[in-house]
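Here is a short briefing on one protein model.

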Amino acid sequence: MFDTQSVIGVIGAGTMGAGIAQVAAKAGHQVLLFDAAEGAAERGRDGVAKGLQKLVARGKMQAEEVDALVGRITPITSLQEMASAALVIEAIVERLDVKQSVFGQLEEICSDSTVLATNTSSISVTAIGSTLKRPQNLVGMHFFNPAPIMKLVEVISGLDTDPNVADAIYALSASWGKKPVHAKSTPGFIVNRVARPFYAEGFRISQEGGADNATIDAVIREAGGFRMGPFELTDLIGHDVNYAVTSSVFAAYYNDQRFLPSLIQLELVNAGHFGRKSGKGFYDYSEGAEKPQPQTAEPADKPASVTFEGDLGVAEPLAALFEDAGVEVIRTEGDGRIRVGDATLMLTNGQFSTARASESGHRNLIQFDLALDYTAATRIALAPADQAEDSAIRQTIGLFQAAGKAVSIIDDVPGMIVMRTLAMLANEGFDAVNQQVCNAEAVDIAMQGGVNYPRGPISWASEVGLGRILNVLRNLGASYGEDRYRPSPLLLRKVAGGRKA
Ligand code: NAI
């Protein structure tokens with residue numbers, strides 16, 4: 001449907017529109033850029049030029065390349081000039097009535113075959129199309145900020161979108177070097193839905209005093225492999241924006257507890273503590289303010305030996321790490337535990353350590369958290385049972401420190417930090433697939449390409465073991481008694497069938 005000769009129109013020359021114009025011009029298209037505010041289209045183009053000149057200064061782009069790219073972006077002052085566009089992408093204010101009005105005008109100006117695309121992140125594509133003469137030509141083309149850098153494009157089909165139009169936008173996005181995924185028009189689409197627990201579970205752990213914010217962030221980064229933890233990331237996004245997205249997804253799913261907004265975030269919004277942009281959020285960004293450090297255990301003695309009882313599954317690489325650290329690893333039969341001195345270590349199963357200790361009879365039980373990669377992780381979280389003795393905790397700290405890990409002792413919260421976050425992300429991903437929003441591959445591509453997750457939650461959960469993930473969710477549900485942790489029917493079915501994902 002499109003080739004590099006196709007003229008691309010972009011409406012709205014703000015953060016997203018200017019970035020989208022840059023992406024299309026880089027791919028060789030002539031781009032018409034329109035904005036309702038006087039001079040904004042020129043400013044948008046000039047902003048693109050300025051950003052690219054920085055790349056020239058760093059030797060990453062040639063000056064001629066930049067001139068040619070910017071030369072392909074033409075600011076226009078009237079919508080009428082969009083007549084020649086084969087595709088018009090809208091990135092204006094997030095309001096249904098305004099978007100409907102702009103697309104209504106475009107239908108009169110452009111040809112019958114012109115594809116109209118919206119970059120909306122929260123409005124139903126079906127609803128935008130409902131007032132159009134040719135709703136089959138309207139599709140969601142959801143870029144992520146910054147558009148020239150983030151790989152993901154969610155291609156959103158409304159009820160009336162022609163599948164050929166969605167396929168053409170998918171192919172065009174791929175030809176622009178993007179990673180497109182198909183999704184149905186549903187609240188939050190893929191990323192803004194599946195990502196909700198990344199923030200919410202961190203907030204809940206903090207609210208319950210499971211660990212301080214800097215420790216949760218550090219564990220998510222250094223053990224979970226994410227680029228940022230939930231507190232530093234939402235400080236960057238802005239709490240007004242992040243809270244509004246959560247609230248809109250919550251309302252759109254008829255108050256499903258899975259999407260329940262956080263009171264600690266609401267209080268930040270109430271206070272005007274929006275994050276970096278206001279100088280204060282979870283952290284203080286004012287000059288001279290000290291960045292809080294994660295809680296890290298003091299050095300403890302290295303144990304001489306450790307016993308692996310049975311197969312540790314995803315945590316098996318720990319055996320080699322301990323051995324390399326000069327700790328003798330003894331192997332015996334068992335159901336997947338590590339013994340060091342008086343302590344019994346188990347990968348968290350979503351229960352309180354305190355409950356698991358009394359059920360299993362292992363008084364000195366200490367659960368450890370999941371890591372994306374136990375070998376590469378630089379930090380590990382440990383949650384001792386209330387009944388565990390200090391000496392057992394010290395022995396465990398010494399063991400992980402010998403393997404080069406910083407150790408954070410957290411309070412006894414079910415599912416700990418990384419495991420609980422992954423279980424909830426994967427569960428939401430499975431539920432999106434179950435509800436026919438997209439396929440499993442799309443979930444993983446979307447979370448990696450749209451929000452930089454280190455691994456797609458569905459494939460990561462499969463590696464951890466879907467049975468284990470289901471068990472974590474069930475134990476979280478039993479611990480909290482909340483519908484929030486109910487497993488997706490698709491996860492139940494996969495586990496019942498013994499399937500990976
Ligand atoms: P922005 O505020 O930076 O830019 C919007 C631009 O649209 C402004 O320059 C404004 O003058 C112009 N505009 C407003 N009404 C107009 C109209 N009727 N006709 C022509 N121009 C008009 O906003 P931003 O952040 O670029 O967002 C634009 C759209 O992209 C929204 O729908 C938003 O939900 C969506 N989006 C935003 C993302 C983000 O991270 N900022 C990410 C993905 C989607």
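Gln436 is exposed, with a relative accessible area of 54% (exposed means over 50%, buried under 20%, partly exposed in between; 1.4 Å probe, protein chains only). This is a predicted model, in which local features need pLDDT of at least 70 and side-chain atom pairs count only at pLDDT 80 or more, while totals for chains, interfaces and linings use all residues. Residues are numbered from 1 along each chain as its sequence is written, and side-chain values use heavy atoms, with hydrogens and water left out.

**Backbone**

- Gln436 has a positive phi, near 65°, and is not a glycine.
- Gln436 lies in the loop between H16 and helix H17 (440–451); helices (H or I, at least four residues) and strands (E, at least two) are DSSP runs, numbered from the N terminus.
- Asn255 also shows a positive phi, of about 60°.
- Asn255 sits in the loop between helix H11 (239–252) and helix H12 (263–271).
- Asn255 counts as partly exposed because its relative accessibility is 44%.
- Asn145 and Pro146 are joined by a cis peptide bond, with omega about 0°.
- Pro146 falls in the loop between strand S6 (138–143) and strand S7 (152–157).
- Most residues other than glycine have a negative phi, and most peptide bonds are trans.

**Nonpolar cores**

- The largest nonpolar core has 118 residues (a core is a set of buried Ala, Val, Leu, Ile, Met, Phe, Trp, Tyr and Cys residues joined through side-chain atoms within 4.5 Å).
- Helix H16 (residues 418–434) supplies the largest share of this core, ten residues.
- Met82, Leu106, Ile190, Leu318, Phe322 and Phe368 touch the most other members.
- Another core, of 39 residues, lies apart from it and includes Val31, Val66, Val70 and Trp176.

**Aromatic pairs**

- The whole structure holds 14 aromatic pairs (ring centres of Phe, Tyr and Trp, its six-membered ring, within 6.5 Å; planes under 30 degrees apart are stacked, over 60 edge-to-face, the rest tilted).
- Tyr253 and Phe259 are stacked, because their ring centres are 5.0 Å apart and their planes at 25°.
- Both Tyr253 and Phe259 are buried.
- Phe368 and Phe400 form a tilted pair, 6.0 Å centre to centre with 50° between the planes.
- That pair links distant parts of the chain, 32 residues apart: Phe368 is in strand S13 (residues 365–368) and Phe400 in helix H15 (residues 390–402).
- Phe198, Tyr199, Phe226, Tyr453 and Trp460 make up one aromatic cluster.
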